[in-house]
Amino acid sequence: MAERGNALTTGFGKPVDDDQNSITAGPRGPVLMQDVHLLEKLGHFDRERIPERVVHAKGAGAYGYFEVTADVTGYTKAAFLSEVGRKTDVFVRFSTVGGEKGSADAERDPRGFAIKFYTEEGNYDMTGNNTPVFFIRDPLKFADFIHTQKRNPRTNLKDPDMFWDFLSLTPESVHQVTVLFSDRGTPATYRHMNGYSSHTYVWHNAAGEQFYVQYHFKTEQGIRNFTAAEADAMKATDPDHATRDLFAAIERGEFPSWRLEMQIMPVADAEHYRFDVFDITKVWPHTDYPPMTIGRLVLDRNPENYFAEVEQAAFNPSNFVPGIGPSADKMLQARLFSYHDTHLHRLGPNYHLLPINAPKHAPMRSYQRDGAMRFDDNGGVGPNYWPNSFHGPAPDPGAADPGMPVTGVTGRTPYPHPNDDFVQPRALFRDVMTDEDRNHLVSNIVGHLKNAQERIRLRQCAIFYKVDPEYGTRVAEGVLVDAAEVKRLAAMSAEERAAATAE
Ligand code: NDP
């Protein structure tokens with residue numbers, strides 16, 4: 001017997017008398033159409049699934065806060081960064097990228113690191129990864145790249161040929177491939193990894209001065225990675241280990257935290273900088289732009305309901321606040337479109353009204369109206385157009401970005417910089433990695449690349465050889481291809497190499 005006030009009801013509030021026995025004609029059936037409670041229950045169940053994210057489908061999230069620890073008003077006028085000690089509510093979602101919603105957390109994959117700051121000037125989203133770079137620098141390649149990391153259209157299996165064919169034909173990927181196949185490609189938990197903006201963004205201060213910036217959220221738990229063997233064991237024993245770890249740590253009161261370090265470059269420096277600051281396959285070496293600690297991110301509260309708060313969370317790199325804006329990075333520019341677009345598909349045109357996505361500390365006053373699932377007052381009696389003379393909300397010119405000068409002729413052209421795809425992975429391989437890191441890197445690659453066709457193995461080894469002859473030669477030995485042929489292919493242009501290794 002339900003207590004008074006706790007009776008089960010239909011979706012429309014009618015008390016339900018029995019939730020165990022369908023209405024039938026006689027005790028042995030058949031079931032009658034008039035059991036509207038049954039029909040409603042089944043009809044809703046049949047529609048429980050929404051499209052999973054096409055990338056970053058498997059994830060975990062938590063609430064917390066961001067606290068400013070250094071004065072950055074010289075660089076940005078963003079209100080939430082305006083004062084040391086100021087705290088802003090956040091929601092953070094971590095994820096793998098390529099796997100489906102039920103895939104294992106320990107897969108080798110970049111990890112998403114997305115933060116929603118609920119500021120008084122609207123929501124600001126930072127959609128980063130646990131790696132500072134990316135595989136490609138032009139968004140026209142994105143859909144193709146992701147297809148190769150997912151399933152073969154014929155077999156529905158992950159396919160090493162697709163995976164390495166694309167990467168070996170796209171040499172700009174080798175920096176990210178080298179990070180991914182280091183043990184950083186299998187972080188031990190979401191708590192033990194860094195988050196990077198990867199993209200260059202623009203900050204501007206109250207005087208309108210602009211700066212290029214890169215965000216680095218450094219784990220205060222320390223970096224901890226799985227070896228390939230540990231990751232494989234974890235996949236077999238607990239495919240949800242990182243989701244479980246995050247939830248359990250917060251329940252125990254062990255609140256994970258990250259230090260926000262910024263690299264900040266005056267816009268004028270970028271013109272003559274040795275790398276293109278918009279090229280997401282590059283980092284800014286720390287010696288050029290030493291990271292400055294400016295804040296701290298802490299996660300201290302678990303969601304109450306996974307679907308409502310984590311599955312429906314919709315991060316969008318085009319959610320900026322005054323004082324922060326996009327750079328010309330081509331990948332970023334495309335993400336400004338694509339995230340909003342995919343949320344419209346996945347959650348509907350009013351996804352911004354869902355409690356997890358709506359601004360919490362800023363008013364939301366727009367002339368957008370109607371659309372499926374409009375569940376607030378839809379603007380009430382107010383006007384639904386601008387300009388109007390009925391006291392509707394008016395644009396605020398003070399919120400404008402200063403703007404960037406642009407020049408050039410339209411066309412499909414690559415970034416105009418010399419062929420420097422190998423410089424930074426070379427620094428990583430030679431100068432940053434320890435002997436143990438290099439050993440793991442080579443064996444992690446060999447364990448995957450050995451399953452691709454020989455001509456693809458040769459082509460990919462040539463890319464590694466261009467990074468460093470030792471790197472290419474060791475992988476070649478591991479995947480049983482001729483090291484002399486790898487050296488010969490490495491000396492060719494990308495086009496010649498592709499032709500020499502065609503099917
Ligand atoms: P630094 O020696 O100043 O920085 C090297 C950085 O590499 C470290 O601070 C650490 O980044 C990161 N790192 C350490 N071990 C690994 C690993 N096994 N796999 C991946 N990253 C690792 O040199 P530079 O700034 O001149 O960069 C040299 C190379 O280091 C770059 O070409 C790039 O490949 C890599 N790197 C650089 C970063 C940057 O923003 N400058 C960031 C990450 C990697 P962290 O402190 O962020 O953990």
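Predicted model: local features only at pLDDT ≥ 70, side-chain atom pairs only at ≥ 80, totals over all residues.
Helix 13 spans residues 469-478, and its buried residues are Tyr471, Gly472, Val475 and Ala476. Around the axis these four cover an arc of only 125°, which puts them on the same side of helix 13. An α-helix has 3.6 residues a turn, so residues three or four places apart point the same way.

What does that buried side pack against? The buried residues of helix 13 meet helix 4 (174-180), helix 10 (423-432), helix 11 (435-449), helix 12 (454-467) and helix 14 (483-490).

Now let's turn to the strands, with strand 2 (residues 87-96) as our guide. Of its 10 residues, eight are buried, so strand 2 is largely enclosed by the rest of the structure. For this step, buried means under 20% relative accessible area.

Which strands pair with strand 2? One of them is strand 1 (residues 59-68), which runs antiparallel to strand 2 and is joined to it by nine bridges. Within this pairing, Arg93 of strand 2 has Gly61 opposite it. Strand 3 (residues 111-119) also pairs with strand 2 in the antiparallel sense, over seven bridges. There, Val92 has Ile115 of strand 3 as its bridge partner. As a general point for reading such a sheet, side chains in a regular strand alternate between the two faces.

How values were computed: Residues numbered from 1 in each chain as written. Heavy atoms only, no water. Buried < 20%, exposed > 50% of the residue type's maximum accessible area, 1.4 Å probe, protein only. Helix = DSSP H or I, 4+ residues; strand = E, 2+ residues; numbered from the N terminus. Pairing = 2+ DSSP bridges. Arc of directions from axis to C-beta. Contact = heavy atoms within 4.5 Å.
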